[in-house]
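Please open the model in a viewer and keep the selection panel at hand.

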There are 2 protein chains.
Amino acid sequence: MSEGVEWAAHCCLLLAWLDQDRPVPTAKLAAGFELPPAYLNKQLQALVRAEILTSTPGPKGGFRLARPLSEITLMDVVTAIEGPEQAFRCTEIRKNGAGAATPERYFAIPCQLDLAFGAAELAWRKALAAQTLADVQAAAEANTPSLADNLKGWYAR
Amino acid sequence: MSEGVEWAAHCCLLLAWLDQDRPVPTAKLAAGFELPPAYLNKQLQALVRAEILTSTPGPKGGFRLARPLSEITLMDVVTAIEGPEQAFRCTEIRKNGAGAATPERYFAIPCQLDLAFGAAELAWRKALAAQTLADVQAAAEANTPSLADNLKGWYAR
DNA sequence: GTCGAATTACTCGGATATATAATGTCCGAGTCGGGCAGG
DNA sequence: CCTGCCCGACTCGGACATTATATATCCGAGTAATTCGAC
């Protein structure tokens with residue numbers, strides 16, 4: 001999986017912790033994680049297209065959350081960065097070679113291999129959709145309550 | 001995910017359906033699915049390293065199943081082709097930038113984002129491990145019982 | 001006719017190219033804030 | 001001193017390189033069957 005997913009999720013969490021009334025520019029987010037600013041910007045654009053963030057141009061512009069963390073699931077983030085298509089793509093090789101010489105009715109039912117992998121991937125997607133970024137935020141704060149203040153202090157520089 | 005997973009799984013199923021006492025060479029398997037022989041061979045080598053297939057060199061050589069389909073899970077096939085590492089790799093960017101200026105104790109607990117994605121991936125792996133290739137084979141034969149004979153006929157040419 | 005050894009053809013296995021996608025960089029369009037001149 | 005306009009700087013957004021990975025190919029090492037000759 002692309003590492004952009006990790007970057008995007010962390011940035012969403014950070015935006016919530018900072019809780020600024022003003023948007024946060026890419027440069028600040030990138031500095032906070034030591035990431036290449038221009039490339040991070042690309043990932044953030046994907047989040048904007050997915051309506052997870054909103055962007056505002058011009059001076060004092062930047063990105064902010066489009067909705068609270070409780071309404072952003074891990075599935076949303078993955079779909080925004082990786083796209084909607086399945087990881088396992090059935091190319092129907094069963095119909096090639098030997099398959100080309102078999103009657104059509106053999107392929108009336110879908111590829112059972114595709115179904116099996118599809119079922120597993122569905123379990124993955126459900127697990128991702130069941131967890132919101134608010135859950136992750138809460139879990140982190142349970143152990144380190146002062147985390148938000150600590151971050152605010154650093155970004156205020 | 002690499003398409004080699006699809007190829008590998010189909011080849012295992014085919015080897016079971018053909019049920020030959022002799023090994024089946026790469027060239028035949030590749031012809032049966034219209035796949036590039038040399039590259040398919042590479043994937044089959046990975047299955048040998050994972051001890052899913054056994055290979056025998058020389059004339060009349062080729063590949064055969066190392067154990068019955070009921071003892072080969074989809075997880076086994078994925079691990080053999082894709083490797084054992086997780087799809088989501090946490091690179092601990094929380095420790096960079098702003099993180100470098102925070103006390104060590106903040107990182108006593110693992111990255112909660114990694115845990116959340118890890119839980120989802122575990123669900124995926126469990127779903128894969130719960131399905132054997134024998135299950136897939138049975139599902140296919142339930143709808144097309146004559147499938148095995150049909151394939152044997154084609155490969156006998 | 002039978003046994004044995006050399007030969008030959010066939011197989012896997014890994015080293016070597018190519019294509020595609022992920023990663024990283026750069027520059028332009030747009031917009032807001034601040035400064036400056038005029039009233 | 002207040003108001004309006006102009007200029008400049010800062011931001012996102014997408015077009016353009018570069019690197020890593022997946023895909024595809026080729027050739028050599030090894031093995032077993034086969035053939036040929038000798039006994």
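Predicted model: local features only at pLDDT ≥ 70, side-chain atom pairs only at ≥ 80, totals over all residues.

**DNA strand D and its surroundings.** Select DNA strand D together with the residues within 4 Å of it; there are 23, and N41(A), S55(A), S2(B), Y39(B) and K42(B) come nearest. By class, this surface has 10 polar, 9 nonpolar and 4 charged residues.

**The elements facing the strand.** Next, colour α3 (37–49), β1 (53–56) and β2 (62–65) of chain A, and α3 (37–49) of chain B; each supplies at least two residues of the surface near DNA strand D. The largest share, 4 residues, comes from α3(A).

**Side chains of chain A.** Display N41(A), where a polar side-chain atom lies 2.9 Å from a base nitrogen of DNA strand D. At R49(A), the corresponding distance to a phosphate oxygen is 3.5 Å.

**Chain B against chain A.** Now select both chains: 57 residues of chain A and 56 residues of chain B take part in the contact. Together the chains bury about 4600 Å², 69% of it on carbon and sulfur atoms. How many residue pairs are in polar contact across the interface? There are 20, both residues of each pair being at pLDDT 80 or more. α5(B) gives the most to the side of chain B that touches chain A, with 11 residues. That side has 37 nonpolar, 13 polar and 6 charged residues.

Conventions. Residues numbered from 1 in each chain as written. Chains lettered and ligands numbered in written order. Heavy atoms only, no water. Near = heavy atom within 4 Å. Polar contact = N/O pair within 3.5 Å; in protein donor to acceptor, adjacent residues only side chain to side chain. Nonpolar A, V, L, I, M, F, W, Y, C, P; charged D, E, K, R; others polar. Contact = heavy atoms within 4.5 Å. Buried area = accessible area lost by both parts, 1.4 Å probe.
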